[in-house]
Amino acid sequence: MAQNGTTENGVAEGIPALPLPQPVKVKEIRHTKIFINNEWHTSIRGRTFPTFNPATGVKICDVEEADKTLETLDTGKPFLQSFFIDLDGCIKTMHYYAGWADKIHGKSLPVDENFVCFTKHEPVGVCGAIIPWNFPLLMFMWKIAPALSCGNTVVIKPAEQTPLSALHLGSLIKEAGFPPGVVNIIPGFGPTAGAAIASHMEIDKVAFTGSTEVGQLIKEAAAKSNLKRVTLELGGKNPCIVFADCDLQLAVEETQKGAFYNQGQCCTAASRVFVEESIYEEFVRCSIENAKRIVIGDPLDPQTSHGPQIDHQQFDKIMDLIESGKKEGARLEYGGAAVGEKSLFIQPTIFSGVKDHMRIAKEEIFGPVQCILSFKSQQEVIERANSSQYGLVSAIFTRSMDRALSVSASLETGTVWINCYNALHVQAPFGGYKMSGNGRELGEYALAEYSEVKAVTIKLSETL
């Protein structure tokens with residue numbers, strides 16, 4: 001037995017683990033070029049960049065790099081999550097916004113006599129989109145579906161870590177009969193391809209999902225160029241509040257779903273769990289037992305529920321934050337180590353005794369780390385939950401609907417889930433307060449982000 005309660009292959013005692021994936025020959029990837037005007041193009045500068053399978057570290061292929069101009073393989077997320085959640089979400093998003101395409105209209109407005117006034121909703125024009133690596137397929141649809149529904153064209157840059165889903169969709173877009181130039185896909189890096197979208201004088205709007213730091217750069221570039229519209233869906237340090245009168249097992253399961261889904265690589269990750277003092281110890285104990293059922297292994301194995309992190313940079317950041325939690329006095333209850341010597345797998349990790357000043361309680365970890373804090377009173381926990389630069393999502397667990405609605409009204413987040421977590425629906429708007437972003441995606445609210453409103457006023461006369 002190795003140190004710290006781990007086995008010789010680096011897996012903590014009690015953590016179910018399948019054999020880690022071995023390098024295998026990947027079938028030929030057909031679409032690796034830049035997709036513009038329904039045609040595949042090579043990089044003008046002749047440059048390519050590699051994309052890797054994070055589960056094995058093996059290069060999948062080289063992709064053409066644009067500049068000033070398959071989900072599980074690419075991201076490492078468990079196959080069943082890609083199939084039943086991401087793919088299903090994409091289908092629902094396209095169906096929903098396809099239904100809106102012939103229902104977007106203006107209003108007739110009552111004005112002073114002898115005048116008629118009405119509004120029209122017109123397309124913004126060319127919409128740029130820059131999407132992240134954690135949900136490359138779903139974010140692609142979240143961006144293009146409302147934009148196309150409103151009559152816009154799109155230039156979209158997938159993350160350099162995960163370009164393959166977007167490029168394959170380019171082939172399906174052409175096969176479906178989209179006119180050339182309606183959807184254009186430019187793989188590349190943020191400082192080149194992404195910066196070009198944000199600063200381009202002929203792009204009328206940019207939508208970005210990613211880090212707050214990059215979101216600030218995009219907003220600055222948009223302002224300095226043509227004052228293009230900007231919608232931003234950025235980071236989060238999301239609070240869950242667990243009251244003593246909750247369904248305890250439900251709260252344990254839902255908060256861990258929030259903390260560990262997609263290996264914690266979610267802007268909605270439940271990374272601050274506030275538990276009322278009287279049930280704190282029991283909640284921690286149940287959380288440890290629940291985490292023991294998580295299965296680490298090959299993302300392509302249907303039994304796997306926990307895959308690798310996306311790359312070495314993210315892996316190192318998470319491990320550094322785990323070490324900071326230990327040094328600052330939080331109690332490591334479970335996990336906390338890498339799986340294997342050279343892999344990107346990190347055990348699901350639980351800290352108790354977390355205090356608000358600790359880095360793991362303040363910084364967005366973007367990894368499988370659950371921080372459990374305690375609280376005494378409702379007013380106290382509301383103040384602590386709101387004491388963050390972020391305001392993306394939050395959750396409340398209680399059997400009292402009066403309490404739930406009262407607390408939800410006080411939380412400074414764009415979404416509040418009550419007795420559930422990650423309950424995203426295409427009909428409901430999604431976006432954040434404060435430094436978690438501007439604007440809204442999904443639902444009818446997203447249509448406003450991709451439309452210009454024109455007012456037409458007519459003076460009536462005897463001849464008109």
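This is a predicted model: local features need pLDDT of at least 70, side-chain atom pairs count only at pLDDT 80 or more; totals for chains, interfaces and linings use all residues.
In total, the structure holds 18 salt bridges. Another of these joins the side chains of Lys257 and Glu254, at 3.0 Å from N to O. Here the residues are three apart in helix α7, and so are separated by about one helical turn. Lys257 is partly exposed, with a relative accessible area of 37%, whereas Glu254, at 12%, is buried. Salt bridges with shared partners also link Lys120, Glu122 and Lys454 into one network.

Because Lys143 belongs to helix α3 (residues 136-149) and Glu441 to the loop between β21 (437-438) and α13 (445-449), the pair ties together parts 298 residues apart in sequence. Both residues are buried.

Seven strands make up an open sheet of mixed pairing, in the order β14-β15-β16-β13-β12-β18-β19. β14 (331-334) and β19 are at the edges and have a single partner strand each, so one side of each lacks a neighbour in the sheet. On average, and with direction ignored, neighbouring strands are turned by 25 degrees against each other.

Within this sheet, strand β18 (residues 393-397) is mostly covered, five of its five residues being buried. In a regular strand, side chains alternate between the two faces of the sheet. In β18, Val393, Ala395 and Phe397 are on one side and Ser394 and Ile396 on the other, and both faces are covered. Strand β12 (residues 239-242) pairs with β18 in the parallel sense over three bridges, and Val242 stands opposite Phe397. The pairing of β18 with strand β19 (residues 415-418) is also parallel, over four bridges, with Ile396 opposite Ile418. Between β18 and β19 the chain passes through helix α12 (residues 401-410) in a right-handed β-α-β crossover.

Elsewhere in the sheet, strands β15 (residues 349-352) and β16 (residues 369-375) run parallel and are joined by three bridges; Thr349 stands opposite Val369 in β16. Helix α7 (residues 248-260) lies across β12, β13 (272-276), β15, β16 and β18, at about 135 degrees to β16. Helix α11 (residues 378-386) also packs on the sheet, where it touches β12, β13 and β16, and its direction makes about 145 degrees with that of β16.

Notes: Residues are numbered from 1 along each chain as its sequence is written. Side-chain values use heavy atoms; hydrogens and water are left out. Buried means under 20% relative accessible area, exposed over 50%, partly exposed in between (1.4 Å probe, protein chains only). Helices (H or I, at least four residues) and strands (E, at least two) are DSSP runs, numbered from the N terminus. Two strands pair if DSSP finds at least two bridges between them. A crossover is right-handed if, with the strands pointing away from the viewer, the path from the first strand over the helix to the second runs clockwise. Axes are lines fitted to C-alpha atoms, for helices over the stretch in contact, and angles run from 0 to 180 degrees between N-to-C directions. Contact means heavy atoms within 4.5 Å. A salt bridge is a side-chain nitrogen of Lys or Arg within 4 Å of a carboxyl oxygen of Asp or Glu.
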